[in-house]
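Some notes on helix packing and cores follow. Please read them with the model open.

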Amino acid sequence: MVNWTRDQKMAYYFWLDGLILTHWAEYLDLQMYGNRNSKEVENKLKLIDYYQAIQDGLGEEFSWSELHDWYKSKHGQAPPFIRFWKDLFSF
């Protein structure tokens, strides 16, 4: 990622964001319908933490506003993590 442009880094940031949200959904399914103490559940959390650490490091270069504006300019809507939180809470 050293030679990546800011645009490429932001695209990767949001790819990771989608991946993390997908894994969280799978984790919640496992919690609801699977064995809550299974190795699979434990490994799912480790995988989420792994991708989250990469995203956190990458995100240090950007402000929330910059990330939001970039995503909205590319996709015409708020980023997935904002839409997720708006579904859960009223802003």
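1. Crossing of H1 and H2. H1 passes H2 in a left-handed crossing (left-handed if the near helix is turned anticlockwise from the far one by less than a right angle, right-handed if clockwise). Helices here are DSSP runs of H or I with at least four residues, numbered from the N terminus. H2 covers residues 39-59, and its axis comes within 9 Å of the H1 axis, crossing at roughly 160 degrees. Axes are lines fitted to C-alpha atoms, for helices over the stretch in contact, with angles from 0 to 180 degrees between N-to-C directions. H1 and H2 are therefore roughly antiparallel (over 145 degrees; under 35 is roughly parallel, 65 to 115 roughly perpendicular, the rest oblique). The residues of this contact divide into 15 nonpolar, five polar and five charged. Asp, Glu, Lys and Arg count as charged; Ala, Val, Leu, Ile, Met, Phe, Trp, Tyr, Cys and Pro as nonpolar; the others, Gly among them, as polar.

2. Provenance. This is a predicted model: local features need pLDDT of at least 70, side-chain atom pairs count only at pLDDT 80 or more, and totals for chains, interfaces and linings use all residues. Residues are numbered from 1 along each chain as its sequence is written, and side-chain values use heavy atoms, leaving out hydrogens and water.

3. A lysine in H2. Lys44 is found in helix H2. Is Lys44 buried or exposed? Its relative accessibility is 13%, so Lys44 counts as buried (under 20% relative accessible area with a 1.4 Å probe, protein chains only; exposed is over 50%, partly exposed in between). Leaving aside residues up to four places away in sequence, Lys44 touches His23, Glu26, Tyr27 and Leu30. Contact means heavy atoms within 4.5 Å.

4. H1 against H3. These axes lie 11 Å apart, at an angle of about 90 degrees. H1 and H3 are therefore roughly perpendicular. H1 brings Arg6, Asp7, Met10, Ala11, Tyr13 and Phe14; H3 brings Trp64, Glu66, Leu67, Trp70, Tyr71 and Lys74.

5. Cores. The largest nonpolar core has nine residues: Met10, Tyr13, Phe14, Leu16, Leu58, Phe62, Leu67, Trp70 and Tyr71. Such a core is a set of buried Ala, Val, Leu, Ile, Met, Phe, Trp, Tyr and Cys residues joined through side-chain atoms within 4.5 Å. Helices H1 (6-33) and H3 (64-75) each give two or more residues. H1 gives the most, with four. A second, separate core of five residues includes Ile20, Tyr27, Leu30 and Ile48.
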